[in-house]
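This report describes selected features of one protein chain, beginning with a local element and ending with the chain overall.

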Amino acid sequence: MKVMYLIAILLLFGVVSASAQQLALKETFHRDGQLLMFIANMDNDPAPEYVVMIDSTATIAIIDGRTRITEYTVPLDIANNENLYTDDQVSLRLRNLMLVQDFNGNGVKDLMITGGDAEPYFRIVDPKSGEDLLKIDLPIGDRQVEVMDIDGDNYYELIISGGFLTNIYATQARISEANDVQGKNLTSNLVVYPNFPNPVSTGTTLAWEQPTAAEATVSVYDERGELIRHVFQGIAQEGLNLCEWNGYENNGKIAPSGTYQIKVQTQGKTVGGTLQIVR
């Protein structure tokens with residue numbers, strides 16, 4: 001009887017473990033020749049989109065995160081070394097994507113693209129129509145692009161600086177007003193998504209969504225509940241946020257194999273998740 005009971009427990013544990021692993025892996029995106037740049041809800045439908053670069057064709061593809069069907073494509077100009085805009089040109093998929101906005105207010109978020117080494121330029125493309133909303137020349141050297149509401153009208157302005165020149169552009173990208181969230185239970189909108197990849201061998205991306213821009217802390221705890229790493233501390237944007245954990249603890253040591261807890265804290269609320277490290 002004890003043997004049968006033990007077998008039943010082992011089978012149950014195996015099913016639960018396999019299911020948990022399978023659920024985590026459902027959030028992993030991998031396609032040969034396609035680099036995942038970032039995840040964002042580009043068109044405000046129930047599913048977020050995967051924004052990927054197709055290396056073989058130098059094309060940006062926006063893929064529905066639920067159906068995996070390509071919704072929009074934007075070709076890049078290889079001759080002018082075009083790339084998706086990021087302020088560091090390295091880790092776009094790991095950044096808080098404040099720069100992804102619906103600038104023309106047609107319901108689909110637009111792409112920022114930089115190009116040209118000898119004569120650099122900057123353009124904003126509407127994936128829905130494929131048209132350029134803006135294309136301007138940029139000075140060679142240091143330059144900066146920001147998106148913020150500088151005049152308090154609840155619409156973002158696009159600010160492009162280079163050298164001694166700064167251009168400010170009006171957009172139709174609207175900021176959620178404060179009274180839109182008054183009286184609502186904000187905790188229902190704080191969501192921690194499964195990290196990808198999971199299980200983890202070297203590094204992983206942590207993702208969460210919060211209802212408003214606010215201070216946030218993302219931490220990793222070991223099986224004993226002890227804090228081993230603060231992965232993110234600072235202002236997180238409204239909506240989807242991403243950060244990377246390289247698998248190291250605060251003391252500089254590599255975290256060993258095991259089960260770890262992720263906790264996201266913001267606006268006095270905490271939501272957790274689980275990840276597995278396999279060395």
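## The S3–S4 hairpin

In this predicted model, strands S3 and S4 form a hairpin with 5 residues between them. Within the turn, Arg68 adopts a positive phi of about 65°. S3 spans residues 59–64 and S4 spans residues 70–75; the two strands pair in the antiparallel sense over 5 bridges.

Thr59 belongs to strand S3 and stands opposite Pro75 in S4. Its relative accessibility is 13%, and because the cut-off for burial is under 20%, Thr59 counts as buried. Leaving aside residues up to four places away in sequence, Thr59 touches Val52, Met53 and Ile54, as well as Thr73, Val74, Pro75 and Leu76.

## Nonpolar cores

The largest nonpolar core comprises 20 residues. Which of its residues touch the most other members? They are Leu206, Trp208, Val218, Trp245 and Leu275. Two or more residues of this core come from each of the strands S13 (204–210), S14 (214–221), S15 (227–236), S16 (239–245), S17 (258–266) and S18 (269–277). The largest share, 4 residues, is contributed by S15.

A second, separate core holds 17 residues, including Ala58, Val74, Ile113 and Val125. Val74 is also among the residues that Thr59 touches. In soluble globular proteins, nonpolar side chains tend to be buried together.

The surroundings of Trp245 can be listed in detail. Not counting residues up to four places away in sequence, Trp245 touches Gly203, Thr204, Leu206, Val220, Ile228, Arg229, Val231, Ala255, Leu275 and Ile277.

## A nonpolar surface patch

Nonpolar residues are also found at the surface: Met148, Ile150 and Ile168 form a patch there, with about 260 Å² of accessible area together. Met148 lies in strand S9, which covers residues 143–148.

Is Met148 buried or partly exposed? With a relative accessible area of 34%, Met148 is partly exposed, because that class lies between the limits of under 20% for buried and over 50% for exposed.

## The chain as a whole

The protein has 1 helix and 18 strands. Of its 279 residues, 41% count as buried. The protein exposes about 15500 Å², of which carbon and sulfur atoms supply 54%.

Among contacts with a separation of 6 or more, 43% are accounted for by residues 24 or more positions apart.

How values were computed. Residues numbered from 1 in each chain as written. Predicted model: local features only at pLDDT ≥ 70, side-chain atom pairs only at ≥ 80, totals over all residues. Heavy atoms only, no water. Pairing = 2+ DSSP bridges. Patch = residues over 30% accessible without salt bridge, like charges linked within 9 Å, V, L, I, M, F, W, Y side chains within 5 Å. Areas by Shrake-Rupley, 256 points an atom, 1.4 Å probe, with all protein chains shown as cover. Salt bridge = Lys/Arg side-chain N within 4 Å of Asp/Glu carboxyl O. Buried < 20%, exposed > 50% of the residue type's maximum accessible area, 1.4 Å probe, protein only. Core = buried A, V, L, I, M, F, W, Y, C linked by side-chain atoms within 4.5 Å. Contact = heavy atoms within 4.5 Å.
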